[in-house]
Amino acid sequence: MRSGVVVAKLASRNPHKLEELRALLPGWELELLEADELPPEEGRTYFENAHAKALFGRRTGVPDAWLLGEDSGLEVEALGGAPGIRSARFAAPGEDPVAKLLAALGPVEGQARRARYVCELVCLSPGGGELRGTGTLGGRIAEEPRGSGGFGYDPVFVPDGEKLTVAELGGEWKRASSHRARAARALLDAM
Ligand code: IMP
């Protein structure tokens, strides 16, 4: 850490996550890790995947930077918690994940449409320390996609206490209240 600035690499390919995390971690100089490939997501938990990404980053040789690994997903009650840690691979390449989710869910109502987002952050310090932050966001899956903000399943995720989807609520709402915002606050608390 140089004069309060945390120089960190995010072991991810997702520019939306980079943008969200940059806003959530003030005082951090966060960049995407430059690597041809990231490790396959073979863990049994979000933590294992986030940890594997951060560790991979550490091994690619950026000794002075903090390494941030992130893994997140959507768990839907009627699908027994799927797609969960497989959220990024739920749809085949070229397939629309939101359309696939709505088709898998069908016309179920009430409790069956309940869902939650989960985000796990693992941060490795240059000195070998390890910190973790977890965040969840409860809600329900809308009957049809609405809104253009966010990414992934945001057009069909309606957070508890809201009528709009995350894609309609927009970036400011996400920065204050998303699963990623909650995980980032937990990580900062741990620091
Ligand atoms: P991974 O963490 O790279 O495995 O990808 C997580 C996947 O979960 C994303 O590709 C999205 O499908 C979903 N996901 C995670 N966080 C969000 C979010 O904030 N909005 C919408 N979808 C998300």
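**Reading charged pairs and the fold**

Guide: Arg180 is buried, and Glu70 is buried as well. Keep in mind that this is a predicted model.

Visitor: What do the side chains of Arg180 and Glu70 form where they meet?
Guide: Side chains of opposite charge can pair when their charged atoms come close. Here the side chains of Arg180 and Glu70 meet in a salt bridge, 2.7 Å from N to O. The pair links distant parts of the chain: Arg180 is in helix 5 (residues 179-190) and Glu70 in strand 3 (residues 66-76), 110 residues apart.

Visitor: How many salt bridges does the count come to?
Guide: The count comes to 17 salt bridges. One of them joins the side chains of Lys174 and Glu20, at 2.7 Å from N to O. Lys174 lies in helix 4 (residues 166-177) and Glu20 in helix 1 (residues 15-24), so this pair ties together parts that are 154 residues apart in sequence.

Visitor: Are Lys174 and Glu20 buried or exposed?
Guide: Both Lys174 and Glu20 are buried.

Visitor: Where do Glu168 and Arg146 lie?
Guide: The side chains of Glu168 and Arg146 meet in a salt bridge, again described by an N to O distance of 2.7 Å. Glu168 lies in helix 4 and Arg146 in the loop between strand 6 (130-141) and strand 7 (157-159), so the pair ties together parts that are 22 residues apart in sequence. Glu168 is partly exposed, with a relative accessible area of 31%, and Arg146 counts as partly exposed at 27%.

Visitor: Which residues do salt bridges with shared partners join into one network?
Guide: The network is made up of Lys17, Glu20, Glu70, Asp154, Lys174 and Arg180.

Visitor: What of the charges in general: how far apart are the mean positions of the positive and negative ones?
Guide: There are 24 positive and 28 negative charges in the protein chain, and their mean positions are 2 Å apart.

Visitor: Now the fold. How many helices and strands does the protein chain have?
Guide: The protein chain has five helices and seven strands. Along the sequence their pattern is β-α-β-α-β-β-α-β-β-β-α-α. The radius of gyration is 17 Å, close to the 16 Å that the globule rule gives for 191 residues, so the protein chain is as compact as a globular protein of that length.

Visitor: What share of the residues counts as buried?
Guide: Of the 191 residues, 45% count as buried. The protein chain exposes about 9,400 Å², with carbon and sulfur atoms supplying 51% of that area.

Terms used
Residues are numbered from 1 along each chain as its sequence is written. This is a predicted model: local features need pLDDT of at least 70, side-chain atom pairs count only at pLDDT 80 or more; totals for chains, interfaces and linings use all residues. Side-chain values use heavy atoms; hydrogens and water are left out. Helices (H or I, at least four residues) and strands (E, at least two) are DSSP runs, numbered from the N terminus. The radius of gyration is taken over C-alpha atoms; the globule rule is 2.2 Å times the number of residues to the power 0.38. Buried means under 20% relative accessible area, exposed over 50%, partly exposed in between (1.4 Å probe, protein chains only). Accessible areas come from the Shrake-Rupley method with a 1.4 Å probe; for residues, only the protein chains shown count as cover. Lys and Arg count as positive and Asp and Glu as negative; His and the chain ends are not counted. The place of a charge is taken as NZ of Lys, CZ of Arg, CG of Asp or CD of Glu. A salt bridge is a side-chain nitrogen of Lys or Arg within 4 Å of a carboxyl oxygen of Asp or Glu.
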